[in-house]
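Work through the exercises below with the chain open in your viewer. Try each task before you read its solution.

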Amino acid sequence: MKPYQLLAAITVTFQFFAIRGFAQTTEPIPAPTDFEVYAVFAESPPFIDGNLDDPVWQDIPPITTFTQVWPKDGAPATEDTEVRIAYDRDNLYFAFRFYDDNPDLIRAKNLERGGRNNRDDHAYIGIDTYLDGRNAYLFEMNALGTQDDALITDETLNYESFSWDAVFLSETTIDDEGWTLEVAIPFRQLRFPEGEELEFGLMVSRMINRKNERVLWPAIGMEYGGSFGVLAAASQYGRLKGLKGINRGKNIEIKPYLISGAQEVRPDLRDEATDIDYNYDFGGDLKYSISSNMTLDLTVNTDFAQVEADNVQLNLTRFNLFFPEKREFFLERAGLFEHGNVRSTQTFFSRNIGLTDQILTGARVTGQTGRYSIGLMNIETGNGMRDLFGVNSTNNTIARLQTTVFPRATVGTIFTNVERPDGYNRAIGVDTKYRFWSSSQFDAWFTNVWDNNTLLNDAAGNISIQLENDLYEGGTSFTSVGENYRPELGFVRRLDFRQYSANIGYKPNVDFSSIRKFYFRTSYDYFEGQDGTLQTTEFSSSIRSEFGNRQSFEIEYKRQFERLISDFALRSNAIIPASDYTFHTLSAQGRTDEARNVFGSFNFSTGQFYDGNRTDFGVDFGFRQSKHLHLEGGVSHNIIRLPFENGDFEATTIRTSILGAISRKLFARALVQYDNFSRNLQTNLRINWIHRPGSDLFLVFNTNYHITGDNEDLFDPRKDFILNSRAGIVKLTYLIMI
């Protein structure tokens with residue numbers, strides 16, 4: 001049985017019949033407490049327009065007890081907030097009234113779905129449907145009603161978490177009392193246990209941006225990890241009760257696409273001749289709720305033409321660069337599949353799938369049953385649909401299982417398998433994680449790889465403990481990566497080492513001039529080879545200050561030792577000879593308030609670099625002209641001076657981003673990038689029209705020009721431009737919900 005057939009069989013075994021019911025309430029509605037709130041059944045659901053004049057809202061006791069987490073942890077909110085909650089068989093409804101003594105100062109400029117709502121006044125809704133205290137759904141809305149959403153996994157929230165896209169409704173109004181927000185979240189977007197009466201974990205949060213003030217219900221303190229940490233602390237959520245008779249249904253979503261476009265490419269960089277291809281295609285995705293807590297996703301002839309371009313990175317190190325995943329199919333519940341050290345030694349890294357071949361078809365099952373979180377993924381890749389399940393295709397299988405052993409503690413396992421026409425690569429890993437004492441954590445994992453080339457059979461692992469609260473932090477870790485450790489579906493930045501690490505920090509709140517918090521941190525890393533030979537040591541110490549107006553400044557000192565056992569090619573014609581090197585670096589960086597109309601940041605470092613010197617500086621800037629136009633950009637420049645042939649050179653990257661928005665349904669982003677290593681000028685223009693919720697029309701234009709010239713000067717527009725490639729693509733998707 002091939003892995004994709006096994007996945008289909010497992011999918012069937014998880015199917016359950018939906019429970020349907022009907023709920024009404026005639027009993028008095030309990031008033032919210034610091035930890036509990038009751039949802040009220042709506043005989044007539046509210047009309048989602050941002051106005052709170054619907055009859056259902058009039059008699060519901062609101063949540064009003066919001067507490068600051070920043071800038072004054074535990075203090076009452078400086079502005080009043082009211083939240084009311086209702087539901088019917090299909091949706092969960094929220095009504096927010098955000099009072100503001102100065103409504104003219106409300107910040108509201110982002111219209112791009114999934115854009116930077118954190119720069120505006122905004123609100124969060126966190127829902128832990130399984131009451132496991134580990135995982136939750138997070139919904140974000142700014143004062144214009146612009147949406148974003150995230151999946152919290154193991155009480156962890158980062159920027160990658162926000163790549164999930166849910167279909168829900170939100171509308172706002174700004175008036176002379178502040179602003180109001182109405183939200184409707186379909187139950188079909190959530191996964192939850194079986195049962196006639198349900199209870200969810202709940203967190204609601206408000207950000208008053210100009211005051212840099214975040215308030216929450218229930219009260220969750222800074223000891224749970226700062227701004228993002230308190231949002232992700234699902235173990236501290238309050239309780240949402242009173243949900244009865246929810247319509248579970250089959251919840252089938254079909255999302256077909258049509259695509260057409262043309263591409264012109266210069267196949268030989270030594271001449272100017274180009275080839276032009278015209279093409280069209282179709283495919284689609286299907287999402288099926290096998291049960292209320294288990295989801296099947298299918299994709300056929302997958303295309304990612306609408307995915308935004310990567311930022312240009314120049315590699316001046318000996319190790320691999322990391323480029324984050326941006327493709328929608330891999331992003332939902334991506335946190336469930338995480339195993340290993342993120343961005344360093346990952347057992348599974350979805351970006352490796354479809355890197356060279358086309359994704360022909362794929363299936364994924366994710367969900368939770370009782371204490372168990374389950375993830376299964378099977379993807380077939382090849383050169384075209386003619387290869388599907390044939391001898392020339394490659395099959396990629398990932399299986400993930402986690403279970404809660406006691407509150408805030410999990411153990412799990414992962415299995416990855418690549419079956420190629422010429423061989424296989426398999427990895428099995430185990431891991432455990434335990435959160436305790438607010439944001440303290442113990443982690444351990446181990447992975448072994450088997451390959452048809454037995455020389456690549458090797459292992460890696462890590463064990464770490466980090467003790468942390470709102471004032472102190474400290475920890476230690478040990479990581480070991482074998483010389484030949486190469487999980488084909490993983491990401492490994494560095495091979496053949498044992499790393500011993502320690503860190504300590506002190507982060508007091510202060511009231512010194514405009515400074516509100518200091519961070520003092522020191523860390524030490526010791527790397528040796530698997531044979532015990534010293535490779536690298538790194539010592540760093542830094543001081544960071546955060547101001548009440550959202551500005552920050554940091555200085556850092558670093559001492560680094562590097563032992564090169566072989567020559568290192570910094571670039572093709574600049575070779576650093578094998579030897580021992582010690583260098584010292586001093587750096588500084590600062591940032592202004594990104595929520596202002598004009599903002600920026602800088603970084604500067606200077607010091608020794610192998611047998612020479614290196615100076616780096618960078619400047620980023622931004623201008624929010626209005627809700628319709630945002631400009632951002634940056635320049636990064638590296639000056640290298642080394643005492644050998646071709647050792648003196650400069651590296652520069654230039655980036656400009658322009659966001660134009662007509663409304664929350666129609667916006668465009670242009671990204672222009674240049675670096676003097678490749679001497680390529682790249683542009684990516686993406687226009688997105690959300691013609692109905694969950695359905696998009698994308699217009700994408702990409703160009704790549706090479707700038708001729710033999711010198712290493714910075715970008716000079718007077719030089720000739722030679723076309724590398726350009727493409728124009730139209731992609732239409734349409735979400736059908738059954």
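The model is predicted: local features need pLDDT of at least 70, side-chain atom pairs count only at pLDDT 80 or more, and totals for chains, interfaces and linings use all residues. Residues are numbered from 1 along each chain as its sequence is written, and side-chain values use heavy atoms, leaving out hydrogens and water.

**Exercise 1. Describe the protein chain as a whole.**

Step 1. Take the secondary structure. The protein chain has four helices and 44 strands. These are DSSP runs numbered from the N terminus (helices: H or I, at least four residues; strands: E, at least two).

Step 2. Turn to burial. Of the 738 residues, 51% count as buried. Buried means under 20% relative accessible area, exposed over 50%, and partly exposed in between (1.4 Å probe, protein chains only).

**Exercise 2. Trace the pairing of strands 21, 22 and 23.**

Step 1. Strand 21 (residues 394-406) pairs with strand 22 (residues 409-420) in the antiparallel sense, over 11 bridges. Pairing requires at least two bridges found by DSSP between the strands. Asn396 has Val418 of strand 22 as its bridge partner.

Step 2. Look at the turn. The hairpin of strand 21 and strand 22 has two residues between the strands, and Arg408 takes a positive phi near 70° there.

Step 3. Move on to strand 23 (residues 423-436). Strand 22 pairs with strand 23 over 12 bridges, again antiparallel. Thr410 has Lys433 of strand 23 as its bridge partner. Strand 22 and strand 23 also form a hairpin with two residues between them.

**Exercise 3. Which parts of the chain does the salt bridge of Arg210 and Asp100 tie together?**

Step 1. Check the distance. The closest N and O atoms of Arg210 and Asp100 are 2.7 Å apart. A salt bridge is a side-chain nitrogen of Lys or Arg within 4 Å of a carboxyl oxygen of Asp or Glu.

Step 2. Arg210 is in the loop between strand 11 (197-208) and strand 12 (213-217), and Asp100 in the loop between strand 5 and strand 6 (122-128), so the pair ties together parts 110 residues apart in sequence.

Step 3. Asp100 is buried, at 4% relative accessible area. Arg210 is partly exposed, at 22%.

Step 4. A search of the whole structure finds 40 salt bridges.
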